[in-house]
Amino acid sequence: MPQLLTDKNSNINLKNIKSLIKKYESPFWVYDSDMIHKKINLLKQFDIIRFAQKACSNIHILRIMKKNKVKIDAVSLGEIERALVAGFKPKNNEIIFTADIIDQDTLSKIVDLKIPVNVGSLDMLTQIGKRSPGHHIWIRINPGFGYGHSKKTNTGGENSKHGIWSPDLAIPIIQKYQLKLIGLHMHIGSGVNYTHLKKVCKSMTENAIKLKQKISFISAGGGLPIPYKVNEKPMDVKKYFELWNDSRNKISNFLGQNIQLEIEPGRFLVAESGILISQIRAIKQMGNKNFVLIDAGFNDLMRPTMYGSYHHISIIPKNDRYINEKKTIETVIAGPLCESGDVFTQTNKGDLETRKLPITQVGDYVVFHDTGAYGASMSSNYNTRPLIQEILLEKNHFRTIRRRQTIKELLNLEI
């Protein structure tokens, strides 16, 4: 559940946030390194933890992963370069590239550095084979079904572009180019529950047995949910591991060799570490609706607009006045963009929602909880708005890990 700002055992507490507000211009991101360490430790039963860096690709966050022996999944040439700058080496499977297509620049990089590739299409497999015979590859299997908290986060089934539908068709291509198949990967979407997880594990076992290839790894993919709402329960990681471990053991017994079990979390490792801090700039009564307008937009935090995602909201008064949490008003939180969809309280169908929030004043601060995943990494320059600052909290000390972008830097790309 979202951390309360009154929790003094957390780095993300009222005292620290007030210090940051005095020092930095809003809006800005804050991450708690202690929370990241805590989440990594919860997954230590898996042989390999591989961070899906698209969730939060800041180099300083990647260095935390590196120090904790977490490996990296990259989904673009830029993410490969980020991993290299953060200290990851193109050996010992420290970096894996996952995609459904590949361009020439990326292909050259993975060939030069011998980076294993998690292949999502037969065409991509052929391209790699022609350019780099013997290259180490994984097959990403689409099991024919998917799951997700939104249609846009469903990565399996016939409505998804991801993965290879009939993995047996990949074997002749692998043999033709003498590619080295080292692992099987399966990921059906985000927010996976136990019912769907059992289906995924069963499908992985069946596919591995059907293919009869001497692989060394299987990947559980990502998709581990986190409790975004106050009353939601966290995922039982032990149960999650046990289901996948059973699948791994069956495959190991069939192949007569030990198979390593990877997990590829993104959100699970970083979502709860982060918050977005913004300031109220206007309060408007629009008919019967109370609109509170803040200085952060969906160019900063895209998830509510794109997926209808829920983020818990806290209010911090500008002048330390007392706020009666029990005295609330139905409120719409919206941003500054010239865009009707720039609303943080909406459903996954785009319908407006309200939240019961304390009565606010212009100048008060709004805190969005659990924004460490798919927050800053999905930000854009829409409306020619610069990317905002990222700050890392470590043992009650904080430092900037990405400075605020300037408008001049944006314009220089076009001059």
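Modeller: Isoleucine 415 is exposed, with a relative accessibility of 82%. The cut-offs are these: buried is under 20% relative accessible area, exposed is over 50%, and partly exposed lies in between, with a 1.4 Å probe and protein chains only. Isoleucine 415 sits in the segment after α12 (407-412). Helices here are DSSP runs of H or I with at least four residues, strands are E runs of at least two, and both are numbered from the N terminus.

This is a predicted model, so local features need pLDDT of at least 70 and side-chain atom pairs count only at pLDDT 80 or more, while totals for chains, interfaces and linings use all residues. Residues are numbered from 1 along each chain as its sequence is written, and side-chain values use heavy atoms, with hydrogens and water left out.

Together with Ile407 and Leu411, Ile415 makes a nonpolar surface patch of about 330 Å². Patch residues have over 30% relative accessible area and no salt bridge; nonpolar side chains (Val, Leu, Ile, Met, Phe, Trp, Tyr) are joined within 5 Å, like charges within 9 Å. The areas come from the Shrake-Rupley method with a 1.4 Å probe, and for residues only the protein chains shown count as cover.

Now the charged pairs. The whole structure holds 15 salt bridges. Each one is a side-chain nitrogen of Lys or Arg within 4 Å of a carboxyl oxygen of Asp or Glu. One of them joins lysine 395 to aspartate 34, with the closest N and O atoms 3.6 Å apart. That pair links distant parts of the chain, 361 residues apart. Lysine 395 is in the loop between β16 (389-394) and β17 (397-402), and aspartate 34 is in helix α2 (residues 33-41). Lysine 395 is exposed at 59%, whereas aspartate 34 is partly exposed at 29%.

Glutamate 81 and lysine 109 form another bridge, at 3.1 Å between the closest N and O atoms. Glutamate 81 belongs to helix α4 (residues 77-85) and lysine 109 to helix α5 (residues 104-112), so the bridge ties together parts 28 residues apart in sequence. Both ends are partly exposed: glutamate 81 at 32% and lysine 109 at 24%.

Lysine 250 meets aspartate 246 in a salt bridge of 3.3 Å, N to O. Both lie in helix α9 (residues 237-255), four residues apart, about one turn of the helix. Lysine 250 is partly exposed at 45%, and aspartate 246 is partly exposed at 40%.

Cysteine 56 is buried, at 2% relative accessibility. Cysteine 338 is exposed, at 70%.

Next, the record. An unreviewed UniProt entry marks Lys54 as "modified residue: N6-(pyridoxal phosphate)lysine". UniProt positions are given in the numbering used here, feature names are shortened, and annotations may be inferred rather than shown by experiment. Lysine 54 lies in the loop between β2 (48-52) and α3 (59-67) and is partly exposed, at 42%. Setting aside neighbours within four places in sequence, lysine 54 contacts Val75, Glu79, Tyr374 and Ser377. Contact means heavy atoms within 4.5 Å.

Tyr374 comes up again in the record. Under "binding site", the unreviewed UniProt entry lists Arg267, Arg303, Tyr307, Glu339 and Tyr374. These positions span 108 residues in sequence and their farthest two C-alpha atoms are 27.3 Å apart, so they do not all gather at one spot. Arginine 303 lies in helix α11 (residues 303-307) and is buried, at 2%. Tyrosine 307 is in helix α11 too, and is buried at 14%.

Last, glutamine 127. It lies in helix α6 (residues 122-131) and is partly exposed, at 31%. Beyond neighbours within four places in sequence, glutamine 127 touches Ile102, Gln104 and Leu107 by the contact cut-off. Methionine 378 is 251 residues from glutamine 127 in sequence, and their C-alpha atoms are 29 Å apart.
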